[in-house]
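Dear colleague,

I am passing on the structure we spoke about, and below it you will find my notes on what turned up when I went through it. Please read them with the model open beside you.

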There are 2 protein chains.
Amino acid sequence: MNTLKEKQAEKQAEKQALNGVDVERLKETIGRLKEDPILARFQFRASNRWLGGSHNCSELRNFHGTNREYNHPEPFHLENDEPDVLFGDDRFPNPVEYVLHALAGCLTTTLTCHAAARGIAIEQIESRLEGDLDVRGFMGLSDEVRKGYQEIRVTMRVKADATADQLEELAKFSPVFDTLYKPVQVTVRIEKQA
Amino acid sequence: MNTLKEKQAEKQAEKQALNGVDVERLKETIGRLKEDPILARFQFRASNRWLGGSHNCSELRNFHGTNREYNHPEPFHLENDEPDVLFGDDRFPNPVEYVLHALAGCLTTTLTCHAAARGIAIEQIESRLEGDLDVRGFMGLSDEVRKGYQEIRVTMRVKADATADQLEELAKFSPVFDTLYKPVQVTVRIEKQA
């Protein structure tokens, strides 16, 4: 009897955690957000300190969401550098590489989450990303060359029981994809320190 | 005599490396890019693998620039997760937090680099960033709510001999600022794996 119960529990857990996503909890959350949209308002935060040259370090400590404050278990620390050809020491990724990492991760998590909500099992996802950047924009050598990425191409190899079109539609719910694809209001305020 | 020579060498190095940026080398590079714009075309790359749920890992191994290929000394590895409230285990930052880190780092490095090119010494930079995100967009609960960041606010506290307006103008040469502020062509192609 115990074995049967165990098997049932296992099946139930598998059902609930499709693609590693707790689907029951996801659906409960969606229900609560529909009732009270204030719960859906998140605010993510970072602080950063310059350490000389192209080296700087960010701390990610807390965020706001579901109408309350959250702390990460431990603050996360992330460091930026630049390769030698861009005048750095190449000890850490550079900021535009972090953008590719953010996009890759967000497309992947979004795809697994939305697939789980629709009962689509994902077995494997591997992505490759390329971003084109002409540094004449950054260096102010041409007004016609933009400073940021001109184009980013993502190829996702996915093993799943759904068509490529379906999977693309689900991946494009990604917040980082949307953040890059559509303009974001970014305000930069400088405070002079004495 | 040696001491004098050493002092002279030190002064020269300080002059060349304003804000930790080798200004002579920067100016040489700008000259070369003006002559041959092909050198300015960079391509950054990432690959990413899904590890289950909201956990995935990127590798940053190489990039293209100045008409040749470069390898990082060791490939960099970066991991994504989500906090518990967003159905993850909170072991690593989430993708939208990486975006804030990328922006903070890029504004900072850009400011120090452009200031150095203009002979402006920077003593200190500390930044705080906040990004607003309504997860109803991600969850597909409203067509009127965008999926990505609605607004990102950056406050940079800077100790430098320049006005706040000058510093803001220099920081905004940032490629990540431009990547977020203006739309980027992002193409996502799904390859079905058998």
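This is a predicted model: local features need pLDDT of at least 70, side-chain atom pairs count only at pLDDT 80 or more; totals for chains, interfaces and linings use all residues.

Strand β5 of chain A covers residues 68-80, and β4(A) pairs with it in the antiparallel sense over 9 bridges. The two strands make a hairpin with 2 residues between them, and T66(A), in the turn, has a positive phi of about 50°.

On its other pairing, β4 (residues 56-65) meets strand β3 (residues 41-50) of chain A, again in the antiparallel sense, over 6 bridges. Here W50(A) is the residue that stands opposite N56(A) of β4(A). This pair of strands also forms a hairpin, with 5 residues between β3(A) and β4(A), and the positive phi in this turn, about 105°, belongs to G52(A).

Turning to chain A as a whole, its secondary structure comes to 6 helices and 8 strands, and from the N terminus on the elements follow the order α-β-β-α-β-β-β-α-β-α-β-α-α-β. The chain has a radius of gyration of 21 Å, whereas a compact globule of 194 residues would have one near 16 Å, and along the principal axes its C-alpha atoms fill a box of roughly 70 × 40 × 35 Å. Of the 194 residues in chain A, 44% are buried. Among the contacts in this chain with a separation of 6 or more, 49% come from residues 24 or more positions apart.

Chain A is divided into domain 1, which takes in residues 20-92, and domain 2, which takes in 94-183. The centres of these two domains, taken over C-alpha atoms, are separated by 18 Å. Their contact involves 9 residues of domain 1 of chain A and 6 residues of domain 2 of chain A, and on the domain 1 side the residues are 5 nonpolar, 2 polar and 2 charged.

The contact between the chains takes 112 residues from chain A and 112 residues from chain B. On the chain B side, the largest share, 15 residues, comes from helix α3 (residues 95-117) of chain B, and by class that side has 55 nonpolar, 29 polar and 28 charged residues. Strands from both chains also pair: β7 (residues 151-160) of chain A and β8 (residues 185-192) of chain B run parallel and are joined by 8 bridges. Within this pairing, R153(A) has T187(B) in β8(B) as its bridge partner.

Where do the buried residues of α5(A) pack? In this helix, which spans residues 164-171 of chain A, L167(A), L170(A) and A171(A) are buried. Seen down the axis of α5(A), the buried residues fall within an arc of 100°, and they therefore line one face of the helix. They pack against α3 (95-117) and β7 of chain A, together with β8 of chain B.

Two single residues may be worth looking at on your screen. I122(A) is found in strand β6 (residues 122-134) of chain A, and it counts as buried because it has 24 C-beta neighbours inside 10 Å, the cut-off for a buried residue being 20 or more. Leaving aside residues up to four places away in sequence, I122(A) touches N19(A), L111(A), T112(A), A115(A), V158(A) and A160(A).

G148(B) counts as buried, with 24 C-beta neighbours inside 10 Å. Not counting residues up to four places away in sequence, G148(B) touches P175(A), V176(A), D178(A), T179(A), K182(A) and V184(A). As for A104(B), the separation from G148(B) is 44 residues in sequence and 18 Å in space, C-alpha to C-alpha.

With best wishes

Notes. Residues are numbered from 1 along each chain as its sequence is written. Chains are lettered from A and ligands numbered from 1 in the order in which they are written. Domain bounds come from an automatic or database domain assignment. Two residues are in contact if their C-beta atoms, placed from the backbone, lie within 7 Å. Ala, Val, Leu, Ile, Met, Phe, Trp, Tyr, Cys and Pro count as nonpolar, Asp, Glu, Lys and Arg as charged, and the others, Gly among them, as polar. Helices (H or I, at least four residues) and strands (E, at least two) are DSSP runs, numbered from the N terminus. Two strands pair if DSSP finds at least two bridges between them. A residue is buried if 20 or more other C-beta atoms lie within 10 Å of its own, exposed if 12 or fewer, and partly exposed in between; C-beta atoms are placed from the backbone. The arc is that of the directions from the helix axis to the C-beta atoms. The radius of gyration is taken over C-alpha atoms; the globule rule is 2.2 Å times the number of residues to the power 0.38.
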